[in-house]
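Biologist: Before I use these labels, I would like to hear what stands behind them. Please show me the model.

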Amino acid sequence: MFDMDLPWWEFIVRGAVVYLVLLVMVRISGRRTVGQFTPFDLLVVMLLSEAVSNSLSGGDDSLSGGLIIAATLIALNTAVAMVSAYSRRMSVLLDGTAVLIGRDGVFFDKVVRHCRITAEDLDQALRAADCERSDMQCAFLEADGEITIQTKK
């Protein structure tokens, strides 16, 4: 149960490499992956965790190895959050910034397509803001994937 097949440091290295590679992959995949989960997005997340499980453990099923990996992932996540909190440049790099996707009742088709937002997503955001399209002043795709609508005053 506690006997590890691999040295303790290898779990830390494996955890760090997988964490950083997945962080880059998720960041490149765009805001929609992070903020607006469809059933297909949830399936991808579940499959990602299964796909990297052996990369993390190297086939080791020990309790100690799993706890070392968990501690490594939590420490890395905390470190990334702290770096983002103290550095504006790193925050923009890691978290992104809001993107203007519409103004004065008109959505920018090219930007909307680039951000992979569907017409239904836009309609849902308008309904959530209790706003008619003609009353929309600005629409933003936030860094967390949420669409926010500002209404005309």
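Modeller: This is a predicted model, and the questions below concern the labels given to its parts.

Biologist: Why is T72 called buried?

Modeller: Buried means under 20% relative accessible area. T72 has a relative accessible area of 10%, so T72 is buried. The residue is found in helix α4, residues 63–86.

Biologist: What makes I12, G15 and A16 contacts of T72?

Modeller: Contact means heavy atoms within 4.5 Å. With neighbours within four places in sequence left aside, T72 is in contact with I12, G15 and A16.

Biologist: How do you know that β3 and β4 pair?

Modeller: Two strands pair if there are at least two bridges between them. Strand β3 (residues 136–141) and β4 are joined by five bridges, so the two count as paired, and they run antiparallel. A139 has I149 in β4 as its bridge partner.

Biologist: Why are β2 and β4 said to stand at the edges?

Modeller: The open sheet has four strands in the order β2-β1-β3-β4. β2 (106–107) and β4 (147–151) each have a single partner strand, so one side of each is left without a neighbour in the sheet.

Biologist: Which helix packs on the sheet?

Modeller: Helix α7 (residues 119–128) does, touching β1, β2, β3 and β4. Its direction makes about 50 degrees with that of β4.

Biologist: Which residues of the largest nonpolar core touch the most other members?

Modeller: Of its 14 residues, they are I101, F107, I117, L122, M136, I147 and I149. α7, β3 and β4 each supply at least two residues of this core. Another core, of six residues, lies apart from it and includes L6 and F11.

Note on methods
Residues numbered from 1 in each chain as written. Predicted model: local features only at pLDDT ≥ 70, side-chain atom pairs only at ≥ 80, totals over all residues. Heavy atoms only, no water. Buried < 20%, exposed > 50% of the residue type's maximum accessible area, 1.4 Å probe, protein only. Axes fitted to C-alpha atoms, helices over the stretch in contact; angles between N-to-C directions. Core = buried A, V, L, I, M, F, W, Y, C linked by side-chain atoms within 4.5 Å.
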